[in-house]
Amino acid sequence: MAMNLNSFSGNNFRGTIQQYCYQLGWRISSISDKQAVIKFNMDSGVVQTLYIIKFDTTLEFSVPSALRFNSKNVIPGEISTALLAVNSTYTVGFWSLENIGGKETLSIMHNAEMTLIDVEYFRRVVIHLVTECERLEQAIRNSLDGQ
């Protein structure tokens with residue numbers, strides 16, 4: 001059952017995120033009234049970082065990958081095309097570009113209306129984003145190791 005908008009409004013954002021993470025056994029790295037950061041230690045040894053940012057009635061979930069480029073013009077077309085094709089198969093999340101620290105960063109994101117989010121939806125979104133970011137990074141690493 002989805003929560004109502006008040007579950008995330010005002011100071012409730014922090015409390016709701018804390019409650020969900022407690023229920024799921026996840027540790028919050030940092031949290032404020034508008035943003036939460038959760039880090040996941042992956043089997044590969046890599047740490048994936050998930051950001052949750054509160055907007056008016058929407059939560060933005062984002063996992064930036066390690067794939068960062070100086071400009072959009074140098075991103076290999078094969079990567080862009082592959083990620084666009086993958087986007088069409090997802091029911092949760094999408095690949096995008098975010099400018100982080102002056103670098104064009106491939107990130108997997110999901111935007112959800114607060115009224116739709118309950119602990120199971122939250123878990124599903126977070127696990128999918130973190131797993132897919134890890135999958136992309138591992139595929140790139142394996143490709144580079146094979147050269």
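Two strands are said to pair if DSSP finds at least two bridges between them. Helices (H or I, at least four residues) and strands (E, at least two) are DSSP runs, numbered from the N terminus. The model is predicted, so local features need pLDDT of at least 70 and side-chain atom pairs count only at pLDDT 80 or more, while totals for chains, interfaces and linings use all residues. Residues are numbered from 1 along each chain as its sequence is written, and side-chain values use heavy atoms, with hydrogens and water left out.

**View 1. The hairpin of strand 3 and strand 4.** Strand 3 (residues 47–54) and strand 4 (58–69) form a hairpin with three residues between them. Their pairing is antiparallel, over four bridges. Lysine 54 stands opposite leucine 59 in strand 4. Ten of the twelve residues of strand 4 are buried, so the strand is largely enclosed by the rest of the structure; buried means under 20% relative accessible area, exposed over 50%, and partly exposed in between (1.4 Å probe, protein chains only).

View 2. Six strands make up an open sheet in the order 1-2-3-4-6-5, with antiparallel pairing. Strand 1 and strand 5 (94–100) stand at the edges with a single partner strand each, so one side of each is left without a neighbour in the sheet. On average, neighbouring strands are turned by 30° against each other, direction ignored. Strand 2 and strand 3 are joined by seven bridges and run antiparallel; valine 37 has tyrosine 51 in strand 3 as its bridge partner. Strand 4 and strand 6 also run antiparallel, joined by nine bridges, and proline 64 is partnered by serine 107 in strand 6.

**View 3. Helices on the sheet.** Helix 1 lies across strand 1, strand 2, strand 3 and strand 4, and runs at about 175° to strand 1. Helix 2 packs on the sheet and touches strand 5 and strand 6, with its direction at about 130° to that of strand 5. Axes are lines fitted to C-alpha atoms, for helices over the stretch in contact, and angles run from 0 to 180 degrees between N-to-C directions. Contact means heavy atoms within 4.5 Å. Valine 86, in helix 2 (residues 77–87), is partly exposed, with a relative accessible area of 29%.

**View 4. The largest nonpolar core.** A nonpolar core is a set of buried Ala, Val, Leu, Ile, Met, Phe, Trp, Tyr and Cys residues joined through side-chain atoms within 4.5 Å. The largest one has 35 residues, of which Leu50, Ile52, Phe61 and Phe122 touch the most other members. Helix 3 gives the largest share, seven residues. Beyond its neighbours within four places in sequence, isoleucine 52 is in contact with residues including Phe13, Ile17, Phe61 and Phe122.

**View 5. Tryptophan 26 and phenylalanine 122.** Four aromatic pairs are found in the whole structure. Rings of Phe, Tyr and Trp (its six-membered ring) pair if their centres lie within 6.5 Å; planes under 30 degrees apart count as stacked, over 60 as edge-to-face and the rest as tilted. The ring centres of tryptophan 26 and phenylalanine 122 are 6.1 Å apart and the planes are at 40°, so this pair is tilted. Tryptophan 26 lies in the loop between helix 1 and strand 1, and phenylalanine 122 in helix 3, 96 residues apart. Both residues are buried. Ring pairs link Tyr20, Trp26, Phe40, Phe61 and Phe122 into a cluster.
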